[in-house]
Amino acid sequence: MFAPRDPDEYLLGTERRVIRVRRHWATLLWDIFEAAALLTGAVLISHLLPSDAAVFQNILWYAALLVLLRFAYFVIEWWVERIVVTDKRFMITSGVFVTKVAMMPVTKVTDLTYERSLGGRMFGYGTLIVESAGQIQALNKIEYLPRPEEVYDAISELVFGDKKAQAERFSMIKAQRAARGKKMVP
């Protein structure tokens with residue numbers, strides 16, 4: 001009841017999921033650094049405070065608890081967010097308390113670019129820039145995308161590839177899953 005919906009629940013029966021990922025864990029690096037620095041500061045200040053300053057010690061440790069809770073929220077928010085690409089649309093589902101679903105039809109894509117910074121090459125993430133015909137969409141820039149080459153290739157094939165071959169491959173996969181008694185979208 002309180003858990004966010006699985007992104008596959010937003011898919012139509014006629015859609016085929018191509019990619020389903022969450023952003024790379026490197027998106028949390030600044031939050032990890034910030035929480036570690038604040039907690040280290042709390043420990044150092046706690047040791048510097050005199051032993052008769054119990055009120056200040058309590059306030060300091062409640063502040064440290066708030067830092068941990070804030071960091072936990074960022075991790076949960078990262079964990080819940082999913083990037084889903086189907087044969088018909090791009091979708092990003094996000095939100096811990098309020099679910100947000102942003103989507104863009106694949107047919108609107110006119111150009112596809114991906115970039116990798118030095119950090120992205122070291123840790124294995126990149127940025128995908130999706131351009132559409134004359135308008136800025138909600139999904140125009142997807143940062144911290146894991147395995148960007150694979151995602152780029154799959155989306156390029158999907159958007160600019162042979163539609164007839166894709167339809168034949170999709171119907172073959174659908175028939176195989178039906179023969180095994182599985183649903184189309186696992």
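Student: Which residues line the largest cavity?

Tutor: The model is predicted. About 30 Å³ of space lies in this largest cavity. Its lining consists of Ile-19, Ile-83, Val-85, Leu-128, Ile-142, Leu-145, Val-151 and Ile-155.

Student: Which elements give two or more residues to the lining of the largest cavity?

Tutor: Among the lining residues are Ile-83, Val-85, Ile-142, Leu-145, Val-151 and Ile-155. The elements that give two or more residues to the lining are strand S2 (82-86), strand S7 (141-146) and helix H4 (148-160).

Student: How many residues of that lining are nonpolar, polar and charged?

Tutor: The lining includes Ile-19, Leu-128 and Val-151. Sorted by class, the lining of the largest cavity has no charged residues, no polar residues and 8 nonpolar.

Student: Which residues of H4 are buried?

Tutor: Helix H4 has 13 residues and spans 17 Å from first C-alpha to last, close to the 18 Å expected. Two of its residues, Val-151 and Ile-155, also line the largest cavity. The buried residues of H4 are Pro-148, Val-151, Ile-155, Ser-156, Leu-158 and Val-159.

Student: Within what arc do the buried residues of H4 fall, seen down its axis?

Tutor: In an α-helix there are 3.6 residues a turn, so residues three or four places apart point the same way. Among the buried residues of H4 are Val-151, Ile-155 and Leu-158. The buried residues of H4 line one face of the helix, because seen down the axis they fall within an arc of 165 degrees.

Student: What covers the buried residues of H2?

Tutor: Helix H2 covers residues 54-80, and its 27 residues reach 39 Å, close to the 39 Å expected at 1.5 Å a residue. Its buried residues are Gln-57, Leu-60, Ala-64, Val-67, Trp-78 and Val-80. What covers them includes helix H1 (29-48), S2 and strand S3 (89-94).

Student: Is Thr-127 buried or exposed?

Tutor: Thr-127 lies in strand S6, residues 125-132. Leaving aside neighbours within four places in sequence, Thr-127 is in contact with Thr-113, Tyr-114, Glu-115, Lys-141, Ile-142, Glu-143 and Tyr-144. One of these, Ile-142, also lines the largest cavity. The relative accessible area of Thr-127 is 14%, which is under the 20% limit, so Thr-127 is buried.

Student: What is the relative accessible area of Lys-108?

Tutor: Lys-108 sits in the loop between strand S4 (100-105) and strand S5 (109-115). Its C-alpha is separated by 8.2 Å from that of Glu-131, which is 23 residues apart along the chain. Lys-108 counts as partly exposed, and its relative accessible area is 35%.

Student: How far apart in space are Val-109 and Ala-133, C-alpha to C-alpha?

Tutor: Val-109 is in strand S5 and counts as buried at 8% relative accessibility. Not counting residues up to four places away in sequence, Val-109 touches Phe-90, Met-104, Val-130, Glu-131, Val-159 and Phe-160. Val-109 and Ala-133 are 24 residues apart in sequence, and their C-alpha distance is 7.0 Å.

Student: What share of the contacts with a separation of 6 or more comes from residues 24 or more positions apart?

Tutor: The chain has 5 helices and 7 strands, which run β-α-α-β-β-β-β-α-β-β-α-α from the N terminus. Of its 186 residues, 35% count as buried. Among contacts with a separation of 6 or more, the share from residues 24 or more positions apart is 55%.

Methods:
Residues numbered from 1 in each chain as written. Predicted model: local features only at pLDDT ≥ 70, side-chain atom pairs only at ≥ 80, totals over all residues. Heavy atoms only, no water. 1 Å grid on protein atoms, 1.4 Å probe; cavity = no way out; pocket = protein on both sides within 12 Å on 5 of 7 lines; lining within 4 Å. Points joined across faces, edges and corners; volume = space filled by probe spheres on them. Helix = DSSP H or I, 4+ residues; strand = E, 2+ residues; numbered from the N terminus. Nonpolar A, V, L, I, M, F, W, Y, C, P; charged D, E, K, R; others polar. Expected span 1.5 Å × (residues − 1). Buried < 20%, exposed > 50% of the residue type's maximum accessible area, 1.4 Å probe, protein only. Arc of directions from axis to C-beta. Contact = heavy atoms within 4.5 Å.
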